Amino acid sequence: MRVAFTTLGCKVNQYETEMLAELFSREGYEVVDAHDFADLYIVNSCTVTASGDRKTRQLLRRLKKQNPAARAALTGCYPQAFPEEAAAIPEADIVAGAKNRAGLLKAVEEAFRTGKRVVAIEPHEKGEAFEHMSVTGLRGRTRAFVKIEDGCERYCSYCIIPKARGPVRSKPPEEIRAELEALAANGYREAVLVGINLSSYGRDLGLRLIDAVELACSVEGISRVRLGSLEPELLTGEDIRRMAAQEKFCPQFHLSLQSGCDRTLRAMNRHYDAAEYARIASDIRRAFGNPSLTTDVMVGFAGETEEDFCQSLAFVREMAFAKVHVFAYSRREGTAAAKRPDQVPEAVKEERSRRMIAAAEESRQEFLRRQLGRVEEVLVETTHAPLGYEGFTKNYTPVYVSCGPEACGKVCKVRLEAVLDGHCIGTLES
């Protein structure tokens, strides 16, 4: 039987799709490309925004239209957060949530055996354990994502994820080590530790994220260890010092900001202010020689005034980020912010987005220019003719380097000489 997967959303979802693909493959299913003919289509959904839910529904309709005889399975965060709404989608023959990912196989087999529709969404429970899961690689990628944490208990006023993902739970260290050793044996040299609220790793085990970092760096065969998105205030000075002591650790920190205005941060129920964020960023820059700081910034949050926005804009310029993901606030039903009466008009959001994106692009170009003249180790990944192969430095600067296919998957020393299309252009050092 042929099965095709489509993933919407974050790196954790991408990891979990790979785990499911390996699970189905072991059980005798033939995993094919998402655009190919299949007997079963599985959509791993994201529910961060209402538009994400809409995209999921549209995708299911399109899949059923192109192959009416196939069955379609909906899984992931959307049905977990909104089970009744997801269960009512007629194109979904199987509906499962973000809990008990491995249970999707059983639900699929039941649907094929009985010919009936199956809805199997398990609610999250306080104290639930981390679901055992691992992957042996990620198809088409030269770096491996390793999920080490699930769940979030931050309850930002705009975010539905705590409802979709449940309480914080962490992968035991021995499972992390075993998975990384298997990935190294399969030729992966770079591992990216990811989670729903990665900074909370270990809270349920009496550990901290730095313990997972040091463990990963100790695995033979893994040359680089990188982190996914972090909540800034959970990163202590001691954590930063211990990370800096690890030769394999990549100094790229995606510190979620959301706003540079303290009034807006309080309204969002974020757990830091701009001054604390700036101090943490300064600690990172002192500890590492050439780190990159990237972030997310939301504009047009409920109640954001022009003065609030200007404060946030000034802070983003001051921080000199390597890259900023700018997005406009979108009301999410089921969250506290969606109920606020002081919503910002869409036209204002669009205008503020343009201004913030322009500032972010200036910061990005300045960061790339600061990399010129340096000789950096680049993990060469994929071809991008005619500019050569694309790869990334330890601080995640994207580089086009002229080389042959023999360099793909290897770490090479590259001199960075120019900036083009959001990348540095480099030449191999002999």
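Where does Asp 421 lie? I found Asp 421 in the loop between strand E17 (411–420) and strand E18 (423–428). Helices (H or I, at least four residues) and strands (E, at least two) are DSSP runs, numbered from the N terminus.

**Ground rules**

I am working on a predicted model, where local features need pLDDT of at least 70, side-chain atom pairs count only at pLDDT 80 or more, and totals for chains, interfaces and linings use all residues. Residues are numbered from 1 along each chain as its sequence is written, and side-chain values use heavy atoms, with hydrogens and water left out.

**Positive phi**

I looked at the backbone of Asp 421. Its phi is positive, about 55°, although Asp 421 is not a glycine. Most residues other than glycine have a negative phi. Asp 421 counts as exposed because its relative accessibility is 60%. My classes are buried under 20% relative accessible area, exposed over 50%, and partly exposed in between (1.4 Å probe, protein chains only).

Ala 320 sits in the loop between H12 and strand E13 (323–328). With a relative accessible area of 28%, Ala 320 is partly exposed.

**Helix H7**

I checked the length of H7 (residues 173–185). Its 13 residues should span 18 Å at 1.5 Å a residue, and the end C-alpha atoms are 18 Å apart, which agrees. The expected span is 1.5 Å times one less than the number of residues.

Which residues of H7 are buried? I listed Ile 176, Glu 179, Leu 180, Leu 183 and Ala 184. They cover an arc of only 135° around the axis, so they lie on the same side of H7. The arc is that of the directions from the helix axis to the C-beta atoms. Glu 174 and Ala 185 are exposed on the other side of H7. The cover over the buried residues of H7 includes helix H1 (11–26), strand E7 (143–150), strand E9 (190–195) and helix H8 (209–217). Contact here means heavy atoms within 4.5 Å. Gly 187 follows H7, and its phi is positive, near 100°.

**Helix H11**

I ran the span check on H11 (residues 274–287). At 1.5 Å a residue, its 14 residues should span 20 Å, and the end C-alpha atoms are 20 Å apart, which agrees. The buried residues of H11 are Ala 274, Tyr 277, Ile 280, Ala 281, Asp 283 and Ile 284. Among the elements that cover them are helix H9 (237–244), H10 and helix H12 (306–319).

I placed Phe 301 in the loop between E12 and H12. At 1% relative accessibility, Phe 301 counts as buried. Tyr 329 is 28 residues away along the chain, yet the C-alpha atoms of Phe 301 and Tyr 329 are separated by 5.1 Å. Not counting residues up to four places away in sequence, Phe 301 touches residues including Tyr 329, Thr 264, Ala 267 and Arg 340.

Phe 301, Thr 264, Ala 267 and Arg 340 are among the residues that line the largest cavity. On a 1 Å grid over the protein atoms alone, a cavity is a set of points where a 1.4 Å probe fits but cannot get out; lining residues have an atom within 4 Å of a point. The largest cavity has a volume of about 40 Å³. Its lining divides into three nonpolar, two polar and four charged residues. Ala, Val, Leu, Ile, Met, Phe, Trp, Tyr, Cys and Pro count as nonpolar, Asp, Glu, Lys and Arg as charged, and the others, Gly among them, as polar. Grid points are joined across faces, edges and corners, and a volume is the space filled by probe spheres set on the points.

Key
On a 1 Å grid over the protein atoms alone, a cavity is a set of points where a 1.4 Å probe fits but cannot get out, and a pocket is an open set with protein on both sides within 12 Å along at least five of seven lines; lining residues have an atom within 4 Å of a point.
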